[in-house]
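Good morning, and thank you for making time for this. I would like to walk through one model with you, so please keep the sequence and the structure open while I talk.

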Amino acid sequence: MSGTTGENSDVARLRRAVRGLDDPPRTGAWNAEELANLPVPPPVRAAAVLVPFVRRADTLSVLFTRRTAHLRNHAGQISFPGGGVEAGDRDVVAAALRETDEETGIAPDLVEPFGYLDVLATVSGYHVTPVAGFVDGGYSLRLDEHEVDEAFEVPLAYILEPGHLHREAFLWNGLERDIFAIQWQSHRIWGATAAILKNLLDRLEHAA
């Protein structure tokens, strides 16, 4: 993968915005307060996702997957590749790369991990560490048909456009909650995945 020499401004800005690989997040989830009033706090399990920034020439896009409809958690939703951290994983980076390979067929040697976003808590009981990584634009997909229905890219410029990511009301277990959401063509990206994008946008704003 390419290094920092001659990188465009968006790539350099992303590198500044994230926590470095030598500085993994150690505090609680940034959104813990939003989940504090849930009637039954869910059990906590460590998880990791890859936030894949696909590099082609001077453009960047973000890769998403759509989960199959029969899965127990977050069925049919748009997500980043990832899952629970397993005993054999060296760390959350290794977990994110393993899950990405298993779900999409994108091998670890096509990914350059470069940092972390902040830990996110989910209503399904996960504490998720998002690992930011640049993906070689020449990748090819080999989707796990049990877990992933499709994969697609969204231009980073679209995600960064003010107003595209917004808050909206959502009814969960009879309770109204505010969630983040963004629409891309026929895809509605919401919930935990959109919250990770919100954290990204906040960190980019502070890094500008």
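Predicted model: local features only at pLDDT ≥ 70, side-chain atom pairs only at ≥ 80, totals over all residues.

**Overall architecture**

The protein has 5 helices and 11 strands, where helices (H or I, at least four residues) and strands (E, at least two) are DSSP runs, numbered from the N terminus. Residues are numbered from 1 along each chain as its sequence is written, and side-chain values use heavy atoms, with hydrogens and water left out.

The protein has 208 residues, of which 48% count as buried; buried means under 20% relative accessible area, exposed means over 50%, and partly exposed is in between, with a 1.4 Å probe and protein chains only. The exposed surface comes to about 10,300 Å², and carbon and sulfur atoms supply 49% of it; these accessible areas come from the Shrake-Rupley method with a 1.4 Å probe, and for residues only the protein chains shown count as cover. Among contacts between residues at least 6 apart in sequence, 68% join residues at least 24 apart, a contact being heavy atoms within 4.5 Å.

**The second largest pocket**

Let me turn to open space. The second largest pocket has a volume of about 350 Å³. Of the 21 residues that line this pocket, the closest to its centre are Val123, Arg177, Ile179, Gly191 and Ala192. As for the terms, on a 1 Å grid over the protein atoms alone, a cavity is a set of points where a 1.4 Å probe fits but cannot get out, whereas a pocket is an open set with protein on both sides within 12 Å along at least five of seven lines, and lining residues have an atom within 4 Å of a point. Grid points are joined across faces, edges and corners, and a volume is the space filled by probe spheres set on the points.

Which element gives the largest share of this lining? That is β10, with 4 residues. At least two lining residues each come from α2 (32-35), β6 (120-121), β9 (166-172), β10 (175-184) and α5 (191-207). By residue class, the lining divides into 12 nonpolar, 6 polar and 3 charged, where Ala, Val, Leu, Ile, Met, Phe, Trp, Tyr, Cys and Pro count as nonpolar, Asp, Glu, Lys and Arg as charged, and the others, Gly among them, as polar.

**Aromatic rings**

The structure holds 6 aromatic pairs. One of them, Phe114 with Phe134, is stacked, at 4.1 Å centre to centre and 10° between the planes. Phe114 lies in strand β5 (residues 111-116) and Phe134 in strand β7 (residues 126-136), so this pair ties together parts that are 20 residues apart in sequence. For the criteria, rings of Phe, Tyr and Trp (its six-membered ring) pair if their centres lie within 6.5 Å, and planes under 30 degrees apart count as stacked, over 60 as edge-to-face and the rest as tilted. Both partners are buried, Phe114 with a relative accessible area of 8% and Phe134 with 0%. Together with Phe53, Phe114 and Phe134 form one aromatic cluster.

**Individual residues**

Arg188 is found in strand β11 (residues 187-190) and is partly exposed, with a relative accessible area of 33%. Leaving aside residues up to four places away in sequence, Arg188 touches Ile78, Glu168, Ile179, Ile182 and Gln183. Arg188 also lies 8.4 Å from Gln77, C-alpha to C-alpha, although the two are 111 residues apart in sequence.

Finally, two backbone angles deserve a look. Ala57, in the loop between β1 (45-56) and β2 (59-67), has a phi near 50°, a positive value in a residue other than glycine, and is exposed with a relative accessible area of 82%. Gln185, in the loop between β10 and β11, likewise has a phi near 50°, and is exposed at 62%.
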